[in-house]
Amino acid sequence: MAKTEWTTDDVAARFSDAAHTSYRLPAVRVQGYSNPWMGLAMQIPDRYPDPERVYRPMPPSPEAVERMLETMRWVQWLEEEQRHLVWMRAKRYDWHQIGRRFACDRNTAARRWKKAMQLVTDKLNDAVNSCA
């Protein structure tokens, strides 16, 4: 994606998109094990759909996965606590929950998040300006 200038809102939106894409990825399972009884057990419930069943969203497109992987490379510029903070906010955790996780006030958590976003934005803009 050729961008001329990144803003903190662009970076935050990209992190939110990456969190949503990671949620849509298929579950990781151990390969090579199967249970033939599950096929038999699932034949009857197909006739009577379960209203409580949690449906997974459609898998993401390859372009969305590429954007997510690019965003995950940006995380390497941050310290470990900043990574957790950014990821929690990308998953839309409330500021009170984030503050509780980091043992600080919600305003302090928001300031730390803004600082992390600004750091990533500065690195991206430096990379764009050095290529130009």
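## Helix α3

The buried residues of α3 pack against α1 and α6; contact here means heavy atoms within 4.5 Å. This is a predicted model, in which local features need pLDDT of at least 70, side-chain atom pairs count only at pLDDT 80 or more, and totals for chains, interfaces and linings use all residues. Residues are numbered from 1 along each chain as its sequence is written, and side-chain values use heavy atoms, with hydrogens and water left out. Helices (H or I, at least four residues) are DSSP runs, numbered from the N terminus.

A64, M68, T71 and W74 are the buried residues of α3, where buried means under 20% relative accessible area, exposed over 50%, and partly exposed in between (1.4 Å probe, protein chains only). Viewed down the helix axis, these residues fall within an arc of 105 degrees, so they line one face of α3; the arc is that of the directions from the axis to the C-beta atoms. P62 and E66 are exposed on the other side of α3.

## Aromatic cluster

W6, F15 and W74 form one aromatic cluster. Rings of Phe, Tyr and Trp (its six-membered ring) pair if their centres lie within 6.5 Å; planes under 30 degrees apart count as stacked, over 60 as edge-to-face and the rest as tilted.

Three aromatic pairs are found in the whole structure. One of them, W6 with W74, is edge-to-face, at 5.2 Å centre to centre and 80 degrees between the planes. The two residues are 68 apart in the chain, W6 in the segment before α1 and W74 in helix α3. W74 is buried, with a relative accessible area of 3%. The F15 and W74 rings have centres 6.1 Å apart and planes at 75 degrees, so this pair is edge-to-face. Because F15 lies in helix α1 and W74 in helix α3, the pair ties together parts that are 59 residues apart in sequence.

## Nonpolar core

A nonpolar core is a set of buried Ala, Val, Leu, Ile, Met, Phe, Trp, Tyr and Cys residues joined through side-chain atoms within 4.5 Å. The largest one has 22 residues, of which V11 and F15 touch the most other members. Two or more residues come from each of α1, α4, α5 and α6, and α6 gives the most, with seven.

## Helix α6

Helix α6 covers residues 106–131. Its buried residues include W113, M117 and V120, and the buried residues of α6 pack against α1, α3, α4 and α5. Among the residues that F15 touches are M117 and V120.

Note on methods:
The expected span of a helix is 1.5 Å times one less than its number of residues. Lists of a residue's contacts leave out its neighbours within four places in sequence.
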